[in-house]
Amino acid sequence: MDIDADDNLLQSPSDYQYPTIDRQQSHYNPLQTFNLDKGQLKHYQQQYADLYFLRLAKLKPAVEAIADEEWKDFEVAGETVRRVDRVLDVRQGELCWVAGTVYMEMPLKPNILDDISKDHWITAPPPKEKYLSPTGQDKIMLEDESGRVRLTGTSLQLSMLVTGCIIAVMGTEDANGEFEVIDIKVPDLPRQPQRWERDEGSEVLSAGTSKKRKSDVGAKTTEGGKIAIVSGLRLSGDQGHTMTLDLLMEYLLGEACGPSEQNEVSKISRLIIAGNSIAAATPLAAREDEKKVSKKYGYDSSAYNPAPTTHFDNFLAALLPSIPITLIPGESDPANVSMPQQPIHPAMFPRSRNYAAMLDSKEPGWFDSVTNPWEGDIDGWRMMGNGGQPIDDVFKYVSGEDRLEMMEHLLRWRCGAPTAPDTLWCYPFQDRDPFVIEECPHVYFVGNQPKYETVVIEGPAGQTVRLIAVPRFKETGEVVVLDTDTLEPEIVKFDVYEGEG
């Protein structure tokens with residue numbers, strides 16, 4: 001029987017020259033907003049109260065300007081509202097407004113004394129999903145450097161408030177010494193930079209030395225690029241999770257798709273990993289159950305499992321020759337617990353660190369291990385993101401479940417982590433509060449969220465921000481791909497068919 005030549009697998013090699021597909025270049029310009037001092041310059045002897053005063057001093061003028069414009073000449077029953085400078089200047093029965101810091105007094109919030117007493121428990125109590133009291137014992141306070149007053153009124157039930165946000169309230173003090181709120185104002189979105197603004201500014205400064213024409217400065221590619229954002233890889237020593245991770249790797253390398261899809265994948269100019277790349281470690285045994293084991297040089301190999309880090313390093317090393325990566329640490333990653341988390345040390349990645357920047361280099365490397373939170377410019381857009389801890393902590397203060405609403409409020413409060421340092425551990429800053437949002441981002445993403453969500457919000461001066469809740473990859477198998485021309489995101493889902501039965 002004759003076999004058609006086209007159907008014969010035993011053929012000589014083809015002379016066809018397949019076209020080479022190049023990955024689109026990424027214009028990457030990170031900021032160092034959340035980098036801490038190193039060595040002896042970093043210490044924890046300061047008081048945390050200074051952080052609240054720094055935040056209030058920075059945001060109070062902004063919220064007072066908005067309140068003054070909105071409430072100027074406002075009258076209730078013939079009485080004109082007046083501004084008071086301090087909380088303790090509020091007088092009973094007078095219509096006034098004042099700005100300050102919100103403090104939520106909640107009996108179910110964590111207590112440092114409870115943390116100390118955990119050593120005496122057989123098992124620690126489970127973490128609380130919400131701090132809200134079912135019996136209504138929660139109190140909302142407004143405080144400044146002079147004192148504190150309790151806030152009441154139905155307006156509070158319509159507003160999302162957490163400890164640490166700066167607001168202005170209008171109302172009157174009642175006979176019980178409580179301030180009954182009529183209206184609330186927040187600082188709202190700050191100024192938003194233009195696309196390429198920061199990149200063009202730095203190039204203009206360098207143009208004088210290089211004799212570069214200013215007309216050439218800022219000439220950027222406008223061809224549509226893309227950014228992939230993934231979170232919650234949670235690599236462990238379990239081999240069962242590697243299949244979906246291999247699919248993700250092959251997709252980003254263009255090995256799991258045809259020519260047409262490869263052209264689209266080649267437009268992905270950067271991968272952002274937004275926290276929780278390593279699975280949470282297994283808790284150590286209780287003190288009374290610990291066994292005496294011989295330790296060499298103080299190192300107990302039985303208490304450390306290197307497999308998750310090794311798997312993650314191999315994953316990064318396979319991708320880095322093809323695509324640059326920005327790595328943001330998360331709650332379960334090998335980085336410091338307190339915010340802002342500092343970059344994961346390159347020693348954790350013996351293979352991938354060859355792509356990192358040299359020591360003391362001012363230019364970012366192909367592999368950029370950054371802080372959490374992080375902000376920077378990618379393809380001219382100001383982007384800001386974190387590994388999910390600020391939103392997860394705000395979630396415990398409020399009754400709702402809408403993560404996008406919480407993200408929006410963080411931006412309108414102009415504070416990336418308002419509950420720090422009350423219930424979210426952070427470094428005790430003395431001269432600045434890096435969590436105050438100085439410039440409004442174009443894209444705000446939060447990793448390790450229950451599901452993928454997105455929305456565009458607008459500010460009073462025409463600012464537009466794309467909010468993206470990035471889902472956990474290990475649970476959903478989903479990756480967010482953001483178009484840098486339109487800022488429209490899409491989802492790419494990876495799944496493994498396990499068969500029936």
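A: In this predicted model, the buried residues of helix 8 are Arg403, Leu404, Met406, Met407, Leu410, Leu411 and Arg412. Helix 8 is thus mostly covered, with 7 of its 10 residues buried.

Q: Which elements cover the buried residues of helix 8?

A: The cover includes strands 15, 16, 17 and 18, together with helix 7 (389-395).

Q: How many helices and strands does the protein have, and what percentage of its residues is buried?

A: The protein contains 9 helices and 20 strands. Of its 501 residues, 47% are buried. Its accessible surface amounts to about 27,000 Å², and carbon and sulfur atoms account for 50% of that area. Contacts can also be sorted by separation in sequence: among those between residues at least 6 apart, 73% join residues at least 24 apart.

Q: How should I read a sheet, and what is the strand order of the open sheet of 6 strands?

A: The general idea is that strands of a sheet pair through backbone hydrogen bonds, in either a parallel or an antiparallel manner. Here the 6 strands of an open sheet follow the order 1-14-15-16-18-17, and their pairing is mixed. Strand 1 (28-30) and strand 17 (453-458) are the edge strands, each pairing on one side only. On average, neighbouring strands of this sheet are turned by 20 degrees against each other, direction ignored.

Q: How many bridges join strand 16 to strand 18, and do the two run parallel or antiparallel?

A: Strand 16 and strand 18 (residues 464-471) run parallel and are joined by 5 bridges. Val443 stands opposite Arg466 of strand 18.

Q: How do I read a salt bridge, and how many salt bridges are counted here?

A: In general, side chains of opposite charge can pair when their charged atoms come close. The cut-off is a side-chain nitrogen of Lys or Arg within 4 Å of a carboxyl oxygen of Asp or Glu. By this rule the model has 23 salt bridges.

Q: What is the N to O distance between Asp433 and Arg55, and why does the pair tie together parts that are apart in sequence?

A: Asp433 and Arg55 form a salt bridge in which the closest N and O atoms are 2.7 Å apart. Because Asp433 lies in the loop between helix 8 (403-412) and strand 16 (443-449), while Arg55 belongs to helix 1 (residues 49-71), the pair ties together parts that are 378 residues apart in sequence. Asp433 counts as buried at 8% relative accessibility, and Arg55 counts as buried at 0%.

Q: Which residue meets Arg198 in a salt bridge?

A: The side chain of Arg198 meets that of Asp377, at 3.3 Å from N to O. This pair links distant parts of the chain, with Arg198 in helix 3 (residues 197-210) and Asp377 in strand 14 (residues 374-378), 179 residues apart. Arg198 is partly exposed, its relative accessible area being 24%, whereas Asp377 is buried at 3%.

Q: Where do Arg382 and Glu439 lie?

A: Arg382 and Glu439 meet through their side chains in a salt bridge of 2.9 Å, N to O. Since Arg382 is in strand 15 (residues 381-386) and Glu439 in the loop between helix 8 and strand 16, the pair ties together parts that are 57 residues apart in sequence. Arg382 is buried at 4% relative accessibility, and Glu439 is partly exposed at 27%. Salt bridges with shared partners join Arg191, Glu197, Arg198, Asp377, Arg382 and Glu439 into one network.

Q: Is Ile272 buried or exposed, and which residues does Ile272 touch?

A: Ile272, located in strand 11 (residues 268-274), is buried, with a relative accessible area of 0%. Leaving aside residues up to four places away in sequence, Ile272 touches Ile227, Ala228, Ile229, Val230, Thr326, Ile328, Ile378, Met383 and Phe445. Ile272 and Ile325 are 53 residues apart in sequence, yet their C-alpha atoms are 5.9 Å apart in space.

Q: Which residues form a nonpolar patch on the surface?

A: Phe74, Val76 and Ile182 form such a patch, and together they have about 210 Å² of accessible area. Ile182 belongs to strand 9 (residues 179-185) and counts as partly exposed at 40% relative accessibility.

Key
Residues numbered from 1 in each chain as written. Predicted model: local features only at pLDDT ≥ 70, side-chain atom pairs only at ≥ 80, totals over all residues. Heavy atoms only, no water. Helix = DSSP H or I, 4+ residues; strand = E, 2+ residues; numbered from the N terminus. Buried < 20%, exposed > 50% of the residue type's maximum accessible area, 1.4 Å probe, protein only. Patch = residues over 30% accessible without salt bridge, like charges linked within 9 Å, V, L, I, M, F, W, Y side chains within 5 Å. Areas by Shrake-Rupley, 256 points an atom, 1.4 Å probe, with all protein chains shown as cover. Pairing = 2+ DSSP bridges. Axes fitted to C-alpha atoms, helices over the stretch in contact; angles between N-to-C directions. Contact = heavy atoms within 4.5 Å.
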